[in-house]
Amino acid sequence: MSWGSPFFVIAIIAISTGGWVINNWLRARHGYDLEDEWGGKTKPSDQEANRKIELLSNENENLTGKITHLEERIAVLERIATDKSTRLSEEIENLR
């Protein structure tokens, strides 16, 4: 086999192309940006990631609401704990 033969040049091109295809396949499989033949990047469309973002946003809103409610309850408990007992008993009597 001669280094300058057409078979050797075609083998080098085939190996390079195969490596590029395998590289892009692995990148796509693991969610990385894909690389085209000119070195540019192409992001894969990931509908599952968008769905997860939406679910996490909804969960975040629910948890924020619960935290606000708990902060209000803690404020009431702190007021009860720090107020004088006579004032608390007067307020209870006024409610009756």
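Which residue just after α1 takes a positive phi? Select Gly31, which sits just after α1 and has a positive phi of about 85 degrees.

Before going further, note that this is a predicted model, in which local features need pLDDT of at least 70 and side-chain atom pairs count only at pLDDT 80 or more, while totals for chains, interfaces and linings use all residues. Residues are numbered from 1 along each chain as its sequence is written, and side-chain values use heavy atoms, with hydrogens and water left out.

**Whole chain.** Colour by secondary structure, and the chain shows three helices and two strands, arranged along the sequence as α-β-β-α-α; helices (H or I, at least four residues) and strands (E, at least two) are DSSP runs, numbered from the N terminus. Next colour by pLDDT, the predictor's confidence in each residue, from 0 to 100: the chain has a mean of 83, with 89% of its residues at 70 or more. Confidence is highest in α2, at 90, and lowest in strand β2 (residues 41-42), at a mean of 68.

With the surface displayed, the chain exposes about 9,000 Å², of which carbon and sulfur atoms supply 60%; accessible areas come from the Shrake-Rupley method with a 1.4 Å probe, and for residues only the protein chains shown count as cover. Of the 96 residues, 3% count as buried, where buried means under 20% relative accessible area, exposed over 50%, and partly exposed in between.

**Helix α1.** Select residues 6-29 and take the distance between the end C-alpha atoms, which is 35 Å; this agrees with the 34 Å that the 24 residues should span at 1.5 Å a residue, because the expected span is 1.5 Å times one less than the number of residues.

**Helix α2.** Move to Thr64, which lies in helix α2 and is partly exposed because its relative accessible area is 43%. A polar atom of the Thr64 side chain lies 2.7 Å from the backbone oxygen of Asn60.

**The nonpolar patch.** Finally select Val76, Leu77, Ile80, Leu88 and Ile92, which together make a nonpolar surface patch of about 400 Å². Ile92 belongs to helix α3 and counts as partly exposed because its relative accessibility is 40%.

Methods: Patch = residues over 30% accessible without salt bridge, like charges linked within 9 Å, V, L, I, M, F, W, Y side chains within 5 Å. Salt bridge = Lys/Arg side-chain N within 4 Å of Asp/Glu carboxyl O. Buried < 20%, exposed > 50% of the residue type's maximum accessible area, 1.4 Å probe, protein only. Polar contact = N/O pair within 3.5 Å; in protein donor to acceptor, adjacent residues only side chain to side chain.
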